[in-house]
Amino acid sequence: MYAFNYHRPASLAEAARLLASNPEAKLLAGGQTYIPTLKQRLARPSDVIDIGGLAELKGITEEAGGVTIGAAVRHAEVAGSALVRRLIPALASLAEGIGDPQVRNRGTLGGSIANNDPAADYPAAVVGLGATVRTSKGRAIAGDAFFTGMFETALEPDEIVTAVHFPKPEKAAYAKFPNPASRYAIVGVFLAKTASGIRVAVTGAAPCVFRATALEQALAASWSAASIDSVTIDPSNLNSDIHAQADYRAHLVKVMAKRALAAAG
Amino acid sequence: MRISMTVNGRAVSGEVEPRTLLVEFLRNQLGLTGTHVGCDTSQCGCCVVHVDGVSAKSCTMLAVQADGCSVTTIEGLAQGGKLHPLQQAFHEHHGLQCGFCTPGMIMSAADLLQRNPDPTEHEVREWLEGNLCRCTGYHNIVKAILAAAQTMRGMAKAAE
């Protein structure tokens, strides 16, 4: 690991100031991706700003019938939250399937979505539920607009995720085909029936989470496994790597969509 | 940077670079070498300790992040010279071969049993997702954890 200066700001405002005044600074929350990245010398920040303990980024609250989760809330807290289990059980079970228990004890919602790993689980929930990402600049960014590419988001360089608001769906479920070693999604499908229509978000399959619009249209016409079967997923924009070829990932999108459909009921 | 924390009930402090990992602080500066480093890539779980009562991979945490925290390592588990029920059960059920992964296995299992005193075999196996053993095939590890859970439930009952 390269050397860096470490800061533990006492407030979000102080964290934002530190981030804005150090162009090579990076944020640290749970560190379950960033510390391994530092250890491999894949990053060389001048300053590391630890926001994992900021009270302003904590808490899970009920809001407008849905849930609002602070950016520094850990996966294990979401998985174990009675409120999340009652309002959006699909979100709690997604959190329960991330990594391993120790990763879930430290890793955070804000860290996961700000990093936007192509195979991370949370981006599928943010897009699949039509969630809203709130930031230190007072912006409310729609889930559909937040994830802009591989490891890229709509966040400005000095902007910090503060919370995510997830509206309550009529029904929803997440199904993933995990890599057996890392538990990252080879393909993960978050499927939801919401007030604004059917949403199907796919993670792991492509360089960035995306909505499978053909599946959404088919399921809007008929909420059934036969609808999913009738759709062809184009593999040309999907990932091929040592874990799975693009055509296999295209196949898995439909299989995971059907599993999610069965789980959602 | 100067950091202070409680390790196995004892107040400790030390001077560290911000890039020092918690496991490096525990092993190199405090001499607590029971916490192992197996993979260095956050996957094997040999380095699991408890930070404020919750299991964490000490190779995936900076020592400065644990400033002000209470840390428990495998050395802090036995009380009054008597092995913790998990340690005793790993011994009795031969839950190890080379023993390298054992500290992490036991610290991880201790976190499971404080959340779920009566886990099923399936729940134990699921919980051990972040702990790799390259010798035993896990069977006796799972057996030991289930046996320890039973012992600890008996102790809790006796204490009532």
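Which residue in β5(A) is the bridge partner of E63(A)? In β5(A), that partner is G66(A). This is a predicted model, in which local features need pLDDT of at least 70, side-chain atom pairs count only at pLDDT 80 or more, and totals for chains, interfaces and linings use all residues; side-chain values use heavy atoms, with hydrogens and water left out. Residues are numbered from 1 along each chain as its sequence is written, while chains are lettered from A and ligands numbered from 1 in the order in which they are written.

The pair belongs to two antiparallel strands, β4(A) and β5(A) (residues 66–70), joined by four bridges. Strands here are DSSP runs of E with at least two residues, helices are runs of H or I with at least four, and both are numbered from the N terminus; two strands pair if DSSP finds at least two bridges between them. In chain A, five strands make an open sheet with antiparallel pairing, in the order β4-β5-β10-β6-β7. Because β4 (60–63) and β7 (140–142) of chain A each have a single partner strand, they stand at the edges, with one side of each left without a neighbour in the sheet.

Now turn to chain B. Its open sheet of five strands has mixed pairing and the order β2-β1-β5-β3-β4. Within this sheet, β3(B) (residues 48–51) and β5(B) (residues 70–72) pair in the antiparallel sense over two bridges, and H50(B) has T72(B) as its bridge partner in β5(B). Helix α1(B) (residues 22–29) packs on the sheet, touching β1 (2–7), β2, β3 and β5 of chain B; contact means heavy atoms within 4.5 Å.

Finally, look at where the chains meet. In contact there are 23 residues of chain A and 27 residues of chain B. The area buried between them is about 2,100 Å², with carbon and sulfur atoms giving 55%; buried area is the accessible area (1.4 Å probe) that two parts lose on being put together, summed over both. Three salt bridges are found across this interface, a salt bridge being a side-chain nitrogen of Lys or Arg within 4 Å of a carboxyl oxygen of Asp or Glu. K57(B) and D100(A) meet through their side chains in a salt bridge, at 2.7 Å from N to O. On the side of chain A that touches chain B, two or more residues come from each of α2 (34–39) and α6 (101–106) of chain A, and α6(A) gives the largest share, four residues.

Methods
Axes are lines fitted to C-alpha atoms, for helices over the stretch in contact, and angles run from 0 to 180 degrees between N-to-C directions.
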